[in-house]
Each structure stands twice: as structure tokens, then as C-alpha cells.
Amino acid sequence: MVPPSRPRKLAKVPFVELADGRLQGVVSSGSDIERVYVSSVAAGTFAYACSTNNNRPCGGARGSFCNHIRALVTEAVLQYGAGRVARTLKVETADGEPTAQELIAEMTADRPAPDGAKPAASVFSRFLRHLAYLELEPVTTPLPEMQWFPPARAAA
């Protein structure tokens with residue numbers, strides 16, 4: 001786990017990940033507290049997708065990045081740093097650390113196309129799994145599903 005470079009707005013973008021060759025995550029709706037959007041941008045092509053958790057397409061993602069995708073990129077820069085986001089998405093930037101707005105401008109310069117793959121179901125499922133950890137009672141014993149590495153061997 002990489003610590004965030006700066007605090008994020010978890011109420012607006014509660015889940016951000018760089019996985020499966022994309023930047024993807026969950027973004028809260030600005031108009032309905034019970035609705036969230038699953039947004040993604042593919043590395044290299046910058047193909048984008050944005051739909052509700054019920055797989056209804058985002059009305060703002062017609063021909064360009066919607067506000068949900070823009071918020072996702074902005075929060076990803078806060079979480080991972082602009083350099084890592086740029087490298088993962090294969091964004092060519094000028095020297096120095098780009099801003100989120102510069103990354104968005106570079107990705108939208110060639111008018112990326114909508115992504116037909118739409119990874120919404122798998123992204124939303126991972127988000128719900130992360131939320132489940134918030135409901136657990138605090139304990140000091142290890143959680144079996146969080147033990148990814150084999151135990152260290154005792155010194156002989």
C-alpha cells in the first residue's frame with residue numbers, strides 16, 4: 001500500500017485504483033446521494049467508461065471525459081502522485097510533475113473513444129469488498145484474507 005501523497009476527498013471519490021491497465025474507481029453522484037458511478041480510463045488509448053452502479057451510462061460522458069472521470073483523475077493524482085498516474089496511463093508529459101488538469105488535457109487532446117469493455121461490475125465488486133472491512137470489529141489478530149505473504153521463518 002502506497003501512502004497517499006495528500007489527503008483525498010473520500011466522500012466524492014471513495015475508491016481509486018490503478019489496476020488491469022486502467023485508472024478506475026467509484027465516484028459519488030453530485031445529484032443523488034444513493035447513486036455512484038464507476039469510471040475508468042484505459043492506459044495508452046485513454047478509452048473511457050462511466051456508468052452507474054446499475055450499468056446505466058453516464059449522461060456527461062458523450063464524446064469526452066465527464067466530471068466523474070475528471071474527479072477520478074484528480075483524486076488519483078492525490079492518492080498516487082501525478083508521476084505514477086502518468087506512467088501507468090502512458091501519458092506523455094513535459095518535464096516536471098504534471099498537474100491533474102495537465103494530465104486530463106493531454107489525455108483528451110486526441111478525443112479518446114468510449115471503452116466498450118466497461119469494467120464496472122468488477123470495479124464495483126472490489127469497492128464493496130473494501131467497504132466490508134469497515135464493518136469489522138477492530139482486532140489485533142491477523143485477518144486470514146489479508147495475509148498475502150507467507151509467515152517469516154523463525155531464525156534457526
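Which residues of α1 are buried? In the predicted model described here, local features need pLDDT of at least 70 and side-chain atom pairs count only at pLDDT 80 or more, whereas totals for chains, interfaces and linings use all residues. Residues are numbered from 1 along each chain as its sequence is written, and side-chain values use heavy atoms, with hydrogens and water left out.

The buried residues of α1 are H68, I69, A71, L72, V73, E75, A76, V77, L78, Q79 and Y80, where buried means under 20% relative accessible area, exposed over 50%, and partly exposed in between, with a 1.4 Å probe and protein chains only. Because eleven of the 14 residues of α1 are buried, this helix is largely enclosed by the rest of the structure. The cover over the buried residues of α1 includes β1, β2, β3, β4 (48-52), α2 and α3; helices (H or I, at least four residues) and strands (E, at least two) are DSSP runs numbered from the N terminus, and contact means heavy atoms within 4.5 Å. From its first C-alpha to its last, α1 reaches 20 Å, close to the 20 Å expected at 1.5 Å a residue, the expected span being 1.5 Å times one less than the number of residues. G81, which follows α1, has a positive phi near 90°.

Taken as a whole, the chain comes to four helices and four strands, which follow the pattern β-β-β-β-α-α-α-α along the sequence. Of the 156 residues of the chain, 42% count as buried. Among the contacts with a separation of 6 or more, 52% are accounted for by residues 24 or more positions apart.

The four strands form an open, antiparallel sheet in the order β1-β2-β3-β4, two strands being taken to pair if DSSP finds at least two bridges between them. The edge strands are β1 and β4, each of which pairs on one side only, and the twist averages 15° from one strand to the next. In general, strands of a sheet pair through backbone hydrogen bonds, either parallel or antiparallel. In this sheet, β1 (residues 15-19) is joined to β2 by five bridges, with R22 in β2 as the bridge partner of A19. These two strands form a hairpin with two residues between them. D20, in the loop between β1 and β2, has a phi near 55°, a positive value in a residue other than glycine, and D20 is exposed, with a relative accessible area of 59%.

Strand β2 (residues 22-28) is mostly covered, since seven of its seven residues are buried. The antiparallel pairing of β2 with β3 extends over seven bridges, and R22 stands opposite A42 in β3. Between β3 and β4 the pairing is again antiparallel, over five bridges, with Y37 opposite T52 in β4. S40 lies in strand β3 and is buried, with a relative accessible area of 1%. Apart from neighbours within four places in sequence, the residues in contact with S40 are R22, L23, Q24, A47, Y48, A49, I69, L72 and P119.

Turning to the helices, the axes of α1 and α2 come within 7 Å and cross at roughly 120°, axes being lines fitted to C-alpha atoms, for helices over the stretch in contact, with angles that run from 0 to 180 degrees between N-to-C directions. In this contact A76, V77 and Y80 of α1 meet A82, R84 and V85 of α2. By class, the contact has five nonpolar, no polar and one charged residues, where Ala, Val, Leu, Ile, Met, Phe, Trp, Tyr, Cys and Pro count as nonpolar, Asp, Glu, Lys and Arg as charged, and the others, Gly among them, as polar. In the loop between α2 and α3 lies K90, which has a positive phi of about 60° although it is not a glycine; K90 counts as exposed, at 55% relative accessibility.

In helix α3 (residues 100-108), the buried residues are A100, L103, I104, M107 and T108. These residues are on the same side of α3 because they cover an arc of only 120° around the axis, the arc being that of the directions from the helix axis to the C-beta atoms. Their cover includes β3 (36-42), α1 (67-80) and α2 (82-89).
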